[in-house]
Amino acid sequence: MNAYLSKEILAGFDSYKYSAIDTSPVSNYVCHPFWNKVVKIVPLWIAPNLLTLSGFLMLVFNFFLMTYYDPHFYASSRDFPENPPIPNWVWLVAAFCNFLSHTLDGIDGKQARRTKTSSPLGELFDHGLDSWATLFLPVGLYSIFGRGEYGVGVYRVYFVIIGIMFCFVVSHWEKYNTGVLFLPWGYDIGQIGMTGVYLITYIFGYEMWKFTVPLVNLTAAELFEIVCYLGFLGLTFPFTFWNVYQSYVQKTGKMRPFSEAMRPLVSTLALFVLMIVWVTYSPYDIVEKQSRLIYWTTGTAFSNIACQLIISQMSSTRCEFLNPKLLPLLGVVAASLLMPLGQGEVYLLWAYCIFVTLDHIYFGVLVVQEMCKHLKINALTIKPVENGHTEVESP
């Protein structure tokens, strides 16, 4: 008996067909032509999921590299001279890792199609890791600006991170209700922009971002913050809600009742409300003292919720209402706000962070194993078959 994937879910995966629409000019006229050339140099024996995982690990490496040199986002601020600046070579490494991660994420599906084989595991694996990447991408970039002089506070950045996560989940909520994944315009633009910003910082140093724009009297960090919100409100949310609305008008979607259509967003909204209440009213001012830990915990819990939604929309099964890991979070938040814990609040955060991280990794490994067993494929290698050809497991 499977721990996570029921017979109903596996049956849904058996009948699943990938359906996506990408109207982004950047994606269609810049990224895909480049990826079509790059994928030709990848050996045919390399499994697509290995490319996906390698790209994701590049982002994880970036996160921990930045954490080592800038644990509390003070390194790029001259207001805190006791925190030495990040070595210049780190920005070059970050640019390389971000570029390679984006490229590998773009060619994994093409690698599978080269072999003329595919399975739902590839999409699940890809999008599941993408949900976790919504944490690593903005946090890595934040170290360029930091807090303090010409920077933005960790509390304000937290809302930008939440906004990016919400953009991701509403895209899959959209597919849950329409049956089609409308790929957002902002993703490729943001990835290319991030690589460019890392390279510029390597060439000219982080000091070049220490300026105020005339007339509007905004710093570079504040402009970046505004651009993010414009992306949420201009490039993602309006199109997403319009596509869902049109699917009901034209009767092309799943035609679920309102309560069922909104069901996948409940856990995400509950997570964000709990965490925002905690960081806003924390007696210990937890987000100021442990910002990276708050970011990591939120991103990991979010990724688990998003993965549950991805499984549901791919298998055409009912999405869970409340993620079970929200219950211990409620206890942690209540204890932190109602009891004078002091430093104990950090211990509670660490405890929940470790719990949700280990649980999410365990969940991911078991889901992949159950999918591989059901589909009779390997996750990270191409499985030889009797006729001398190979099987590859990615859309």
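I count a disulfide as a pair of cysteine sulfur atoms within 2.5 Å. A disulfide is a covalent bond between the sulfur atoms of two cysteines.

**Ground rules.** I am working on a predicted model, where local features need pLDDT of at least 70, side-chain atom pairs count only at pLDDT 80 or more, and totals for chains, interfaces and linings use all residues. Residues are numbered from 1 along each chain as its sequence is written, and side-chain values use heavy atoms, with hydrogens and water left out.

**Cysteines.** I searched the whole structure and found 0 disulfides. I then checked Cys228: its nearest cysteine sulfur belongs to Cys167, 9.3 Å away, and Cys228 is in no disulfide. Cys228 is buried at 12% relative accessible area. My scale is this: buried is under 20% relative accessible area, exposed is over 50%, and partly exposed is in between, with a 1.4 Å probe and protein chains only.

**Salt bridges.** I took a salt bridge as a side-chain nitrogen of Lys or Arg within 4 Å of a carboxyl oxygen of Asp or Glu. The structure holds 5 of them.

- Glu225 pairs with Arg156, with 2.5 Å between the closest N and O atoms. Glu225 sits in helix H8 (residues 220-249) and Arg156 in helix H6, so this bridge ties together parts 69 residues apart in sequence. Helices here are DSSP runs (H or I) of at least four residues, strands (E) are runs of at least two, and both are numbered from the N terminus. Is Glu225 buried or exposed? I read 10% relative accessibility for Glu225, which means buried. Arg156 is partly exposed at 36%.
- Arg318 bridges to Glu260, the closest N and O atoms lying 2.6 Å apart. The two are 58 residues apart: Arg318 is in the loop between helix H12 (291-315) and helix H13 (326-338), and Glu260 is in helix H9 (residues 258-262). Arg318 counts as exposed, at 54% relative accessibility.
- Asp359 and Lys325 meet through their side chains at 3.0 Å, N to O. Asp359 belongs to helix H14 (residues 344-375) and Lys325 to the loop between H12 and H13, so I logged a link between distant parts, 34 residues apart. Lys325 is buried at 12% relative accessibility.

**Positive phi.** Tyr150 has a positive phi of about 55°. Tyr150 lies in the loop between helix H5 (120-145) and helix H6 (154-178). Its relative accessible area is 31%, so I call Tyr150 partly exposed. Leu215 has a positive phi of about 70°. The loop holding Leu215 runs between strand E3 (212-213) and strand E4 (218-219). Leu215 is exposed, at 91% relative accessibility.

**Surface patch.** For patches I used residues with over 30% relative accessible area and no salt bridge, joining like charges within 9 Å and nonpolar side chains (Val, Leu, Ile, Met, Phe, Trp, Tyr) within 5 Å. Areas come from the Shrake-Rupley method with a 1.4 Å probe; for residues, only the protein chains shown count as cover. Leu92, Leu199, Ile200, Tyr202, Ile203, Phe204 and Met208 form a nonpolar patch, with about 610 Å² of accessible area together. Which helix gives the largest share? Helix H7 (residues 186-204) does, with 5 residues. Ile200 is in helix H7, and is partly exposed at 31% relative accessibility.
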